Each structure stands twice: as C-alpha cells, then as structure tokens.
There are 4 protein chains.
Amino acid sequence: MNKKKIGIIGATGYTGSELVRTLKNHPYVEISIITSESRAGEKFSDVHPFFQGIEEQKLRSIKEIDNYDLDLVFLALPHGVSMNFVKDNAHKSFKIIDLSGDFRIKSKEQYEAWYKMEHIYAEGIENAVFGMPELFTDKIRTAELIANPGCFPTSAILASAPLLTGKYVDNKSIIIDSKTGVTGAGIKSKPTNLYSNVNDNFKAYGLKSHRHTIEIQNILEEISGDSALVQFTPHLLPVDRGILSTTYLRPVKNVSENELVNFYKDFYSKAPFVRIRRQIPTIKDVRGTNYCDININYDERTNTIIIVSVIDNLVKGAAGQAVQNMNILFGLDEKSGLNQIPMNP
Amino acid sequence: MNKKKIGIIGATGYTGSELVRTLKNHPYVEISIITSESRAGEKFSDVHPFFQGIEEQKLRSIKEIDNYDLDLVFLALPHGVSMNFVKDNAHKSFKIIDLSGDFRIKSKEQYEAWYKMEHIYAEGIENAVFGMPELFTDKIRTAELIANPGCFPTSAILASAPLLTGKYVDNKSIIIDSKTGVTGAGIKSKPTNLYSNVNDNFKAYGLKSHRHTIEIQNILEEISGDSALVQFTPHLLPVDRGILSTTYLRPVKNVSENELVNFYKDFYSKAPFVRIRRQIPTIKDVRGTNYCDININYDERTNTIIIVSVIDNLVKGAAGQAVQNMNILFGLDEKSGLNQIPMNP
Amino acid sequence: MNKKKIGIIGATGYTGSELVRTLKNHPYVEISIITSESRAGEKFSDVHPFFQGIEEQKLRSIKEIDNYDLDLVFLALPHGVSMNFVKDNAHKSFKIIDLSGDFRIKSKEQYEAWYKMEHIYAEGIENAVFGMPELFTDKIRTAELIANPGCFPTSAILASAPLLTGKYVDNKSIIIDSKTGVTGAGIKSKPTNLYSNVNDNFKAYGLKSHRHTIEIQNILEEISGDSALVQFTPHLLPVDRGILSTTYLRPVKNVSENELVNFYKDFYSKAPFVRIRRQIPTIKDVRGTNYCDININYDERTNTIIIVSVIDNLVKGAAGQAVQNMNILFGLDEKSGLNQIPMNP
Amino acid sequence: MNKKKIGIIGATGYTGSELVRTLKNHPYVEISIITSESRAGEKFSDVHPFFQGIEEQKLRSIKEIDNYDLDLVFLALPHGVSMNFVKDNAHKSFKIIDLSGDFRIKSKEQYEAWYKMEHIYAEGIENAVFGMPELFTDKIRTAELIANPGCFPTSAILASAPLLTGKYVDNKSIIIDSKTGVTGAGIKSKPTNLYSNVNDNFKAYGLKSHRHTIEIQNILEEISGDSALVQFTPHLLPVDRGILSTTYLRPVKNVSENELVNFYKDFYSKAPFVRIRRQIPTIKDVRGTNYCDININYDERTNTIIIVSVIDNLVKGAAGQAVQNMNILFGLDEKSGLNQIPMNP
C-alpha cells in the first residue's frame, strides 16, 4: 500500500508537535509537509528541539501545500483562523480534519454567541462531521471536513453519552466539574500559564461562559433527541496534560451501579480506546495515549450518578483523536499508530 | 498579662508542626509542653529539622502533662486516639481543642456508621462544641471541649452557610466537588502520598463514603433547621496544601448574583478571616494563612448557584482555626498570632 | 518611637510583593508609598489580589515620592532602570537600598562587560556598600546606598566566605553548581517561565557567562585579599522559590570535617540568619524566611570540600536581606520583622 | 522469524513496568512470563492498573520459569536479591540481563566496601559484561550475563567517556554534579519519596559515599587505561523521571569548544541514541525515550570543560538500555522497539 500523504498546517503549538509525535511512527502515512507562517524556512526541530534527529524537515508556508498532492490535512490553527483555510480549500481533493473549534458548533448564530466572533463560512458548519468515533463512526467514514472535538467535550460526552442515549437521566440537571492540565491553554506565554501562577496552585475559571459548554450540550441533545441543560465548570490543574471530569446526573428511573456498569460496557464494546475501569482512574493512567477511562458510580443515599472520566487532552482530546478519525476516513484499523502505552509515572 | 500555658499533644505530624509554627510567634501564649510517645526524649527540631534554632524543646511523654499547669491543650492525634485522651482528661482544669474527627459528629451511632469504629466516649460528643468561629462564636467562648472542624467541611460549610441560613436553596440538592492538597492525607508514607503517584496526576477518591460528608450535612442541617442531603466528592491535587471547593446549589426563590454577594458580605461582616472575593480565588491566595476566600456566582441560564471557596487545609482547615478558637476561648483578639500574609508564590 | 517612613519603588514584581509581605508586619516601619508607573492609580491589591483586605493602598507615580518625607526607599526595579533613579535621587535625605544588580559590581568597566549595557552613574558604584550583613555590617551601618546582593551570590558567598577568609582553599579552583526556583526569572511571562517548559523538567543555563559569576568572584577576592577564579553554573528547578548551591573547593592545607564545622560556627556566631546544619538542608527548610542554611563536608578520598547552602531567593536572596540591611541602617534589632518560620511543607 | 521468549523477573517496581511498556510493542519478542513472589496469581494489570486491556497476563512465581523455554530474562530485582537468582540460574540456556547493581562493580571486595553487603557470587562478577552499548558492543554481543549500568553512571560515563578516551583531561579532577527524578528511589513508600518532602523542594544526598561513584570511576579507569578520581554528588529533583549531570573536567592540553564538539560527534557517530545537542538539553527532551543528549562547553576564562548530559533514568538509565542490550545480544537492529519519541511536555 502506498503511504497516504499528510499535511500538518500549523507547527509551533502543542497540537502540531503531538501530531508529529503520533504520525512519525504511523505505518501507513507520511508527513509530506508541515507549515508555519512565522517560522517557515526553519526546521521543525528548530522549533521543537527535542525532535533533533527525529523530524528535521523544513517548515513551509501554507501557500506551498498544493505542490504536495495531499490526501489529508490536519489544521492545528487557532479558532478564527481555521475557518479561513477551510473556506479557501474546501473544494480541493484532500480531506480536512480541523482541530480548532470553528466547525464544532451547530450554527453560525450559536458560534457567534459563544465565541464572540463572526463566522465567515456557515457552509462549512453544515457540512462538518463531529469527529467523535465512538458516536459517529459512519458519518466520519465519508466526511470531507471533520471537526475534531474539544478536549473537555471529549471527556464529558464520553462520560454521559450512554446515560443520555439510554434515557437514564434528567437532561436538565447535568453538572460537569472538569479539571485540566495547563497545555489546554496553549504554548504562548501569558499569566495563565506562568509557572509560578500554576505550580502548587489550583483555580476555577470560565464559570458560566466557557465555550465548551455549548459543544457538550449540543451533542448530548443530539444523541438523546431532547433538549438538555449543561452546567460546565473548568478548573486549572498544576499538571502538563490530562483532563478529569466529574459528572453528576440525576436518574429518572430505578438504577443500580451494576446495571449501569454493564450498560456502559455494552455501549462501548466496539470502542478500542474506551476503558470501563473498576477503580477510579487517574490522569496519569492515560498519559500520552488515546484512551478515555471511565468509572461509574451510583449513590443510593442521594440518588445521584457520578461518572469519573479521564483523557490526555493532547491525545484523545486533540491529536490522537484526530489520527483515529483519519484512520476511519482511510479505512484503516482504528488503532493504527495509536498503540502508545501510558507513561506512568 | 501572664502568658497562657499551652500543651501540644502529638508532635510528629503536619498539624503538630503547624501549631508550633503559629503559636511560636503568638504574643499571649507559651508552648509549655509538646508530647510524642514515639519520639519522646528527642528535640522537636530532631523531628522537624527546619525548626533548628527556632524550637529546640524536648518532646515529652503524654504522662507528664500534669506537671505543667496547662491552660489549654491541642490534640494533634489521629481519630480513635483522641477520644481516649479526652475521656481520661475531661475533668481536668485545662480546655481541650481536638483537631481529630472524634467529636465532630452528632452522635455515637453516626460516628460509628461513618468512621467504622467504636466510639468510647459518647459524653464527649454531647459536650463538644463545633469550633467554627464564623457560626458558633458564643458557644466557643464557654466551651470546655472544642471539636475543631475538618478541612473539607471548613471550606464547604463556609461556602454554603449563608445560603442555607437565608433559605435561598434546596437543602436536598447540594453538590460539593472538592479538591485538596496532599498534606490532608497525613505525614505517614503510603502509596496515596507517594510522589510519583501524585505529581503531574489527579484523581477522585472516597466517592459516596467520605467521612466529611456527614460532618458537612449535620452542620448545614443545624444552621438551616431542616434536613439536608449533601453529595461530597473529594479529589487529590498535586500540591502540598490548599483546598478548593466548588459547590453547586439550586435556588428556591428568585435571586441575582449581586443580591447574593451583598448577602454574603453582610453575613460575614464580623468574620476577619472570610474574604468575599471579586475574582475567583486560587489556593495560593490563602497559602500559609487563616483566610477562607469565597467567590459567588449565579448562572441564570441554568438557574444554578456556584460558590468557589478556598482555604489552606493546614491553617484554616486545622492549626489556624484551632488557634482562632483558642483566642476566642481566652477572650483575646480573634486574630492574635494569625497575621500571616499569604505566601504567593 | 516614631515609625520609619518607607517607600517601595516598583510594585508589580515578586520583589515588590515580598517587600510588602515582610514590611507589613514589621513593628517599626510604615509603608508610606508604593510606586508603579504602569499601574499607578490602581490599588496594590488589584495587582496582587491575595493582598485583598491586607494592603489596599493606591499605587503612585515615582514623581510623588518627595511628598512623603521618606526615611528609606527600596528599589524593586530592573537593572538598568535602578541606576537612573539612584543618579536622580542620590542627594536626597532618604537612604536607598537597591535590589537590582546596578551597584553590585566593582567598576563601570566590569559592569559593562558582564551586563552588556552602559552604566550611567559610576559615582554610585564607588559609594555603594555591598549589603551582605554577615560580612559587612559596619559599612552597612553608615551607608547611603546599599547594593543588595544577588540571589545566587548570597547562597554562594555565605557558603565559601569562611574558607576564603581562613585561607583554607585554592582561590583558583572554586566550582559553584547552583539550582534556583523559577521566581528568579521574574514575573513577566516568557518561555523560560512557561509552566510546561519548567514543570517536571530541569536544565542548566547561562554557562560561562552568568552575571552573578563576577559578583561572587569580586566579593571572594575582597574577603580573601587575593585574586580568585569562580566557575558558576546555574540550573532551573521546577519550584517557585529557593536556591541550593553545591560548592566544590580544593584545600591547600590539612583539614578535617570537624575542624571546618567548628570554624564555620565561630565565623557565623553573630549571624542570626545563618544556621550551620547537621543534616544536608533542603530548600523548603528555609522557605519564606531569611535563613541561609549551610552544611559542610570534607571528602578525604578525593581531598575535596563540598559545601551545600540553601536560601529562599525572594527573602534572604532579595526582600528579606534588604529588610535586614534596613534594620542595621536604622540601628534596630537585625531580626525585626523577620521572625517568619519556614513554611514546610 | 520466531519471536524470542522473554521472562521478566520482578514485576511490582518501575523497572518491571517500564520493561513491559517497552517490550509490549517490540516486533521481535514476546513476554512469556512475568514473575512476582508477593503478587503471584494476580494479573499484571492488578499491580499496574494503567495496563488494563494492555497486559493482562497473570504473574507467576519465579519457580515456574523453567516451564517457558526462555531465551532471555531481565532481572528487575533489588541488589542483593539478583545475585541469588544469577547464582542459581547461571548454567541455564537463557541469557540474563541484570538491572540491579550486583554485577556492575569490578570485584567482590569493592562491592562489599561500597554496598556494605556480602557478595555471594564472585564468579558472576568476573563473567558479567558491563552493558553500555556505546562503549562495549562487541563484548555485549557474546555475553551470557549483562550488568545493566546504573542510571547516574549512564549519564555520567557517556558525558565523560570521549574526553578520557582521548586523553583530554586530568583523570584525578572529575566532578560530577547530578540531579535525578524521584523514581530513582523506587516505588516503595518512604520519607524520601513522600510527596510533600519532594514537591517544591530540592536537596543533595549521599555525599561522598553514593555507590554509583565507584561504578563510574571504574569504567572511566577502564576506558582511559589509567587510575581516576571521581567526585560524585547526587541531588533529588521534584520530577518523576530524568537525570541531568553537570560534569566539570580540567583539560591537560590546549582545546577549543569546537574541536571537542567534533570529537564527540565522531566518537558517537555509530551510537543511535546519543545526540550531540547544539543547545543545552532539558530532561523533558528525552522523557520516555532511550536518548542520551549531550552538550559540550569549554570556558576559556577558567580553563574548564563543562559537559551537560540528560537521560530518562527509567529508560536509557534502566529498561530501555536493557532492551538495547537485548537487541545486540539477539543480533537485531539496536533500535528495535525503542522508537519512542520524547513526550514533551
């Protein structure tokens, strides 16, 4: 089989470097071009020195992509920038997997309300497939444009999806208390990711207004076929990578913990990266991998279901899930190139 | 004024060392005796070497305490051990502030159900005063035995007390998602506090069954005069000290965020260590101090109140609050010896 | 006694906030003015929110300082900026303690060679006293301008000074391997102090060329009366604060570890903040305090002396030592306001 | 090709789990048996839960190893225990790679002097090959028993070997200041690896007496053909994994930095895991991989060579180097199964 030709658009951030880390050892693809407007001409290993001897190709301008006969491009661009690329390139022969938030929201209006920014390509929103393989494999298989899910939504939706699909819980009483590592804030230096502001520290942020709220709520509505209300509160952990979400739901019928565990196992029986865990998982249990680990609890005393889910925000929450989507698009084994074992400790 | 004579029972843990850190610079007390059965005969600075040149007194056996004409003793003992000391010494002339959980629960039966251990001194449970100065100052003033609140309960009760007192919220729908530093697990080496299990990691634990659940629920019932149901989930942060609690409550009447902020300011107008914060607080904002910082949010979209509260678990959650209780007992300024300024970073 | 009137010039960095943390509880001074050009008009607690309720005074422009009848000002300014203030204000009645590097170097030429910047006030260099109380108390007592030592030099000079004074070692073979917390790099966001570049990481930097090399070498030459050669290598630790220096020296006469320990104890017998430690100290042993802990080792096998010294870079390495210098200048007890006990953990 | 049959003796520690992490994706081997005396009968994923779904085989007693027709066993046992296994199994047909210190030292006498323990199998010491592929490939190829190098020695020897081989430096003046992550201290809970003793902290330890001193000194003597004196000081970093060694050497002839860099490049031209770095490397630059990154500096001012080297102590310092040795023993590509890319951040 000829290797598929891949472009990575945007190289200087964590998503770009994680894509290279994952794809470099992928048996069925080659990285044909990596672009960066600010560092074009330099080597990838000049920007990320730990790639010295591993990935030494030169960074190119985005203008050169048409020279490479690409099968697929990953967009590792900020939201607001991705939409321009997609608009300009939607008609081309390569598939697009966009890792920004630009095509995850259901309508131009919603996007503009939560992102406080004009959306210039509503047609893309209509055509984009939400790239969560555990829920939408069939659509992904034939998509032209995939909106790779947000990091928080990945951890939150996988945690709740079985309960909402199975009509187990009240759609209007979903509380998601999430905790993320710092890489979620990106690689640019700013007070939010200053070492001494984060180390030995912890805080909540974005209360009531975080953009991932609407992304989660939309998908939960879609899979349950009913309107939903999601309360989502992110917090910032003093760790590099990892998300743990604690989700509180209220049952609308009699349940037992055992029944729920079995239901989850069935629901995810064909999902190679979802592990239903006996113990409460830790974020290091999935570090560097594409796993989402889920633990299910039911508290009889209070009649509350509590789901604990963990992912690596840069892998299952970004680059790894994107490669999983690519594998499905190309008809490959979903796990190709994603056999990393958790680095713990 | 003669300095009050203080005994510290139990010296090898964090609570013991924090009590010395706080009391050593207190203007109105002297530390007459520090006990340790396992290290008796050694100096305090042999056990905690960073006290070299600061506190060099010898550790004594508990059997010697009657030689010191003490005004008050702090018990820095594990639960299950404290009750023995209290039973044996309740009739003596010194006051007792117990930092363990042995006298925080409302009945012998409840204690035994949540602590999975027999309680041998029910009389102490009846006589003990719950030492939260912001709620029970008058009772503290005349107490013989003070049960110093747990660390999680301090952060959680101060966050919710105004709302329950003011009948703003549904007593049966209180979700407290708490995150604590590692020192909450004590100084003894075990897998829970092994560096490589904690560093760059995060997990939930004690779901459905943590002992602090019933302590919180009891006090919220007491101040609201009505039964309550508390869902409490602790998580372990990769930090030394600090607790942040995110509390979700459901209003039972029309509210606005502004009204709630003002209500909190009134409620705590005489509480020198509660700061109603404009911004969301971080745990480093109170590190090393007796402050509890609280931030109030109301989400109209979901009709949910979200309170974020932070404390230092070893200070306001243990040694500092104990000293605050001592100050009240002795008729001193509540802030004596507690003028530390947050160490940030 | 009337409280002395203090000005703090420069409020937005860590040095400014540590000065306020230390001075706020100092019994004999009052903070009359705090300046910031970029944040003038805002409150100090707007810039450092953890001071809410503790220090709420407004920040002023530096132009207003003449209105306050100051006894002393601390300069918490970057190097290159301090020299301008000193030049403009040297004739005024207040004393100046400069926490930057501008007046620590022995000559305009040396400064310009190591700092790669013109020095505009050579007269200040001549008049400045190097503010290390353990070595230069008498000069400090009558100084008009004090150059507060650098953080690395404080840990390194205190470690080696007895040996060089006592002619125990080869002046030309001094290797200082130092490790510092991140706050040494300042509060401005940049890749060096980005959380994910520092956390779970470690590196050397500034090999061969760090400015503190010449500061250390100068002082060691001064106290030994002979020329010296210092090899100084700094490293960046994933911690907020603290410096540990491991210094390797070669004896020029027969020594024993015991003899050296006693010599150090004598040498520092009147230094309240130097603790000769039996055990190897850790940086948390001095965290938040003005202590410098020193441990002395002699390896017979290799004929090498190894000194391990630790300080808190923001306290003994900056604000605390500055206050110690102020106390000496004012004829106060050297320890006034500096009774903090290490925060460990 | 038939896959080689591998045994891992000792499963509960970090070395055991890293061996599985590396070998599980190795194309030419299968893990036939993993032993643990304390946990025999449980699954590997019961001991290391993050292997759920990845490695579920049962742990066996060491007594069963003869049932598996093994080609090679890795000993992930404590020193003092390994020697017993080797003595009992030296005559068997499988090769042995011992990851403990039991066969790294050159003589029974030296071992007993530095390890303070009797060595019961001197014959093994004589036959063992020191498994550092960059220096001893030919011997490794035909070895029956390989002593896998210590973590510190790996970083230190690779840093200095070219200089000693090339007679560039004084053998008697080698100072190695090393800093290691906590996993070097093993998985057992003890004060040394207690979170709150390590986090935001730093210390030196083992001055003058660390066992790796003699291991380093022996090998440097062997490759230089002359006696050497090594001063080795380890320090404990608040990180999980990684070692950085800063080595100071004194030239005995005229050198330039450029010449040295070229000499290193030549020396390691056939070593796929040694990277001569332009910049100073950080420990995260090699995290999770078998690389050793080296940076070379010469300070003309002091006539000192400073080498900075970094490794992952659990990979190049343990399991990865062991697999590299196995590859050589089996005549495989040295890099088989070792294509991990640094996880950074």
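1. Two residues are counted here as being in contact if their C-beta atoms, placed from the backbone, lie within 7 Å. This note concerns a predicted model. By that criterion, 13 residues of chain D are in contact with 13 residues of chain B. The side of chain D that touches chain B is made up of five nonpolar, five polar and three charged residues.

2. The relation between these two chains deserves attention. In general, two copies of a chain are related by a rotation about an axis and a shift along it.

3. Within chain B, the student may next examine a sheet. Strands of a sheet pair through backbone hydrogen bonds, either parallel or antiparallel. In chain B, six strands form an open sheet in the order β2-β1-β3-β4-β6-β5, and the pairing is parallel. Its edge strands are β2 (29-35) and β5 (129-130) of chain B, each of which pairs on one side only.

4. Strand β3 (residues 72-75) of chain B runs parallel to strand β4 (residues 95-98) of chain B, and four bridges join them. B:Val73 has B:Ile96 as its bridge partner in β4(B). Helix α1 (residues 14-23) of chain B packs on the sheet, where it touches β1 (4-9), β2 and β3 of chain B. The direction of this helix makes about 160° with that of β1(B).

5. A packing of two helices can be followed in chain D. Helix α6 (residues 133-141) of chain D packs against helix α11 (residues 315-329) of chain D at an angle of about 40°, and their axes are 9 Å apart. The helices α6(D) and α11(D) are therefore oblique to each other. Their crossing is right-handed. From α6(D), the contact is made by D:Pro133, D:Thr137, D:Ile140 and D:Arg141, and from α11(D) by D:Gln324, D:Asn325, D:Ile328 and D:Leu329. The residues of this contact comprise four nonpolar, three polar and one charged.

6. In chain A, the peptide bond from A:Asn344 to A:Pro345 is cis, with omega near 5°. A:Pro345 has its place in the segment after α11 (315-329) of chain A. In chain B, a cis peptide bond joins B:Asn344 and B:Pro345, with omega about 5°. B:Pro345 is found in the segment after α11 (315-329) of chain B.

7. A further backbone detail belongs to chain A. A:Lys167 is not a glycine, although its phi is positive, at about 55°. A:Lys167 lies in the loop between α7 (151-165) and β7 (174-180) of chain A.

Conventions: Residues numbered from 1 in each chain as written. Chains lettered and ligands numbered in written order. Predicted model: local features only at pLDDT ≥ 70, side-chain atom pairs only at ≥ 80, totals over all residues. Axes fitted to C-alpha atoms, helices over the stretch in contact; angles between N-to-C directions. Parallel < 35°, antiparallel > 145°, perpendicular 65-115°, else oblique. Left-handed = near helix turned anticlockwise from the far one by under 90°. Nonpolar A, V, L, I, M, F, W, Y, C, P; charged D, E, K, R; others polar. Pairing = 2+ DSSP bridges.
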